[in-house]
Every structure is written in C-alpha cells, then in structure tokens.
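Open the model in your viewer and keep the selection tool at hand. The tour below goes from one selection to the next and says what is there.

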Amino acid sequence: MNAIHRRQFMKQLGISAATLPFLVGLPSLGLAAPARPRQRLVIMFSPNGTIPPAFWPDETGSDFKLKEILSPLEAFKDRMLVLYGLCNKVRGDGDNHMRGMSCLLTGIELFPGNIQGGSDTPAGWASGISIDQELKNYFQGREETRTRFGSLEFGVGVTDRADPWTRMSYAGPNKPVAPVSDPYQMYQKLYGQLKDKENLQSVLDDVRDDLKKVRKLISAEDRRMLDDHETLVRQMEKEINEAGRQKLRVGPPTLEEGVADQNDNVPRLSRMQIDLLVNSFVNDMARVATLQYTKSVGSAKMNWLEITDGHHGLSHEPDKDEAAQAKLVKINKWFCGELRYLTEKLASTPEPGGQGSLLDNTLIVWTNELGKGNSHTLKNIPFVLVGGGFGFQMGRSLKFEELPHNRLHLALAHAVGHRIETFGKPALCEGGPLSLS
C-alpha cells in the first residue's frame, strides 16, 4: 500500500489521532516516518568570557555586520546564528566560573561539595546530564542513528586536574566526562588495533562472572555502584565487537609526530584534534562531539600571538586597560579562527552517501562559561551557531531579553526529534524551546 497523507488516512477510516502512534511503523500501511538525514552536533568551548564591544553585532536580523572577534567567519555569515541575551540562570553552590562551566551544558545546579572556588560556597559536580550526552543517548537509542562511540570528547590544552572548572560534559548526575586532550590517545581510541583481543575478552568474561557473585553479598547502595561498573564492562565489550566490524570510508589523517601536550603546541594540537573530529564524522563513528579549549579559568599563554600574559589573568583587567582589551580581542579572534578551520573542513568534505557537505548536516555551537571575564557575569553568554542540519533559519543576529540558556538546549533536542518538555532545571524551561526556525 502506498504511503498516503496521515490525516486523510484517519478521516477515511474514522479513527482518532490517538490511534496513530500504534499504527506508525507498520510497513503494510506505509505510515512509517520518513528517515531523517544525518544530524550532527559539535559544541566548541573557549573560556574566560568575551569582549562584548568587539563581539556582538549592533544589528539584528539578516543584515548584520561581524565585529572583530567574529570576522574570521565572514565567509560563513549566511550560515551563522549569533544569539545575544541567553543567560545561565542556574544558581546554588559554587562560584560563577564553576557554575559557568559545569552548568553550561547541564542547565542544573551543582551538588554540594568541598571544592572551593573564589569567595563563594564550595561545590561538587553537576547534578544532571549535559545536552551533548542527552542527544548522544537519544541517537544511540535508535538503530538508524546508532554509531560506534555515540559521542567523542576532544580537548585542547585541558589540564589533567579534574574539577567543576574542567568538565562541561556529564553522563548523568555526578558523572563528569573527561575530554581527551592528547590527539595521539584519541587516534588510538578511534583507529588503534585491539591487541590481544581474545585475552581482553576473557578478562571481561571473568570480571562479569565475579561481579555476579559479589552482588549477592553487598548492600543496595553498593549494588548501584556495581551497576555502573557493569555498564562500563558492557560498553567495553560493545566497543571490542564493533571495532572489528568498523569499515572506514576514509582513512585516518596523518598526524604530525612528537607534538607534546604543552602550552606552546596548542595551535598544532588544535588542528590535529579538528582533523580527527572531522574524520570521525566522515566514518560515522559519532554524531555528537565536544571540542574544549583549555578550561574555565584557563590560563594559557598565547605565545604564538606574541601574548605572554595568561589568558585568565588578562580577562580580569578593567575595561579601561586598552592594551589588555586589545590582547583579549586577539585571543578570542584566534579561537574564532579555529572555529573557521573546523567549519571549512566540514564544508569541504562531501557528505558520505548523500548530497552536499558534512557542514550541511552538522551544527556547531561555540560558547563560553562567562559573558564577560572581569565581571564574571553569567548574563549574555556567547552562543554562536554555524552550519546546518537542524532546521534553524541561519544567517541572522538575534537578541533576546535575558532568556535561560536551557531553552536553547531544548531547541537542539527538538531539532533532532527528541521531544523532551524540559532540560536541566524545569523552572528555567518555561516558554519551551527557543524559536530559531
């Protein structure tokens, strides 16, 4: 039976709309929902706020001009959305850097904890999942969008220290996800050959059997912890099996050898990570990725820009310090240049098995933990969207009236078909998804 309009079908048979969910997917009725094109999301982070006069366009709508910081994206202006007026309204424990970072993608409070920051109350990890991991789980829950890894977390210059300033991705409450800051380690994760596969599989079998024996002897709370460990075991088994079946559409990029994970190598490390990210998308290893430059309170010294001051220290200088402001504009413009490199790579890479480029089906979200460094404000957080695939009307500069950034996360979820009613703190979702179409 050929597919016919659903409304006409219901009218002809005299059935209610409530019946439709039970019928969709029955092949003989031809009512299965059409397959979506591939949709991918990249969230890119750079720290310490922006310089508003050199960042935000003065105009709204499609006729807007890019200021100095955003000027590297001039060639992609018609594929951009610049969103002014989105605010991180999450309150509670922790200082603004901590909440700025760990509430950025979760939209929910931090747990109480003993990590002291600034002059405010100490805090712990975020109490909810981040939007990148929420969308990863949604994609992984559907056969047609499931990939080997689901999501990949890339870091550039991220320190080994683990705290709320260094983590923006969360697999769930109290479950920070660490970015991989070493491109050689990421290369091995993506393309490395699994040595002694049989031995490793044997070890996993033994562990699984042992965990079953221990389960009978422990408390309910300990069993919950054990569940997390068993989930990890299952994930390892899945990756072992899927790695063997993975057939690459395009071979892995050739990485420059011997580039140490050090401050002065950040420009080269950045390009290596971006090349790996784009290649992982070509080979459909993930549909979601994060690209995190340093961390909240990041103190990288941009020596390659002839700036020897630490980024965080500079961000504290007053607005009247013109030399410091000029350096900060240069730093943020450099981050935008790395975004341009990512955008160009996606735009020049054909969509595998389809039409157009990877950029046509990939949305990049560039953001920050603060609106402005020296005031530590969580108002007017920079959000710049570049690319396509989410059905948003691009090529615009929009200004909102201090709306919670949770509503942008809702819009991202709805754009991929994940029709959740709230994300993060429910009270910050009033008004529903941000309207960007």
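Begin by selecting Leu70, which touches Phe55, Met80, Val82, Cys336, Trp366 and Val384, leaving out residues up to four places away in sequence; touching, or contact, means heavy atoms within 4.5 Å. The core of Leu70 is the largest nonpolar one, with 60 residues, and Leu70, Leu291, Leu342 and Trp366 touch the most other members. A nonpolar core is a set of buried Ala, Val, Leu, Ile, Met, Phe, Trp, Tyr and Cys residues joined through side-chain atoms within 4.5 Å. Buried means under 20% relative accessible area, exposed over 50%, and partly exposed in between, with a 1.4 Å probe and protein chains only.

Before going on, note that this is a predicted model, in which local features need pLDDT of at least 70 and side-chain atom pairs count only at pLDDT 80 or more, while totals for chains, interfaces and linings use all residues. Residues are numbered from 1 along each chain as its sequence is written, and side-chain values use heavy atoms, with hydrogens and water left out.

Now show the whole chain. It has 11 helices and nine strands; these are DSSP runs numbered from the N terminus, helices being H or I with at least four residues and strands E with at least two. Of the 437 residues in the chain, 51% are buried. Among contacts between residues at least 6 apart in sequence, 69% join residues at least 24 apart.

Next, select helix H11 (residues 406-415). How many of its residues are buried? The count is 10 of 10, and H11 is mostly covered. The buried residues of H11 pack against strand E2 (80-87), H4, strand E7 (362-367), strand E8 (383-387) and strand E9 (396-404). After H11 comes Gly417, with a positive phi near 95°.

From there, move to helix H4 (residues 131-140). Eight of its 10 residues are buried, so H4 is largely enclosed by the rest of the structure. The buried residues include Asp132, Glu134, Tyr138 and Phe139.

Then display helix H5 (residues 183-191) with helix H8 (residues 266-282). They pack at an angle of about 15°, and their axes are 10 Å apart. That makes H5 roughly parallel to H8, a term for angles under 35 degrees. Axes here are lines fitted to C-alpha atoms, for helices over the stretch in contact, and angles run from 0 to 180 degrees between N-to-C directions. On the H5 side, Pro183, Tyr184, Met186, Tyr187, Leu190 and Tyr191 meet Leu269, Met272, Gln273, Leu276, Asn279 and Ser280 in H8.

Is Asn279 buried or exposed? Asn279 is buried, with a relative accessible area of 8%. Setting aside neighbours within four places in sequence, Asn279 is in contact with Tyr191, Val250, Gly251, Pro252 and Pro253.

Finish at Arg38, in the loop between helix H2 (20-23) and strand E1 (40-45). Arg38 is partly exposed, at 22% relative accessible area. Beyond neighbours within four places in sequence, its contacts are Arg249, Asp284, Arg287, Glu351, Pro352 and Asn361. Arg38 and Arg287 are 249 residues apart in sequence, yet 8.1 Å apart in space, C-alpha to C-alpha.

Key. Angles under 35 degrees count as roughly parallel, over 145 as roughly antiparallel, 65 to 115 as roughly perpendicular and the rest as oblique.
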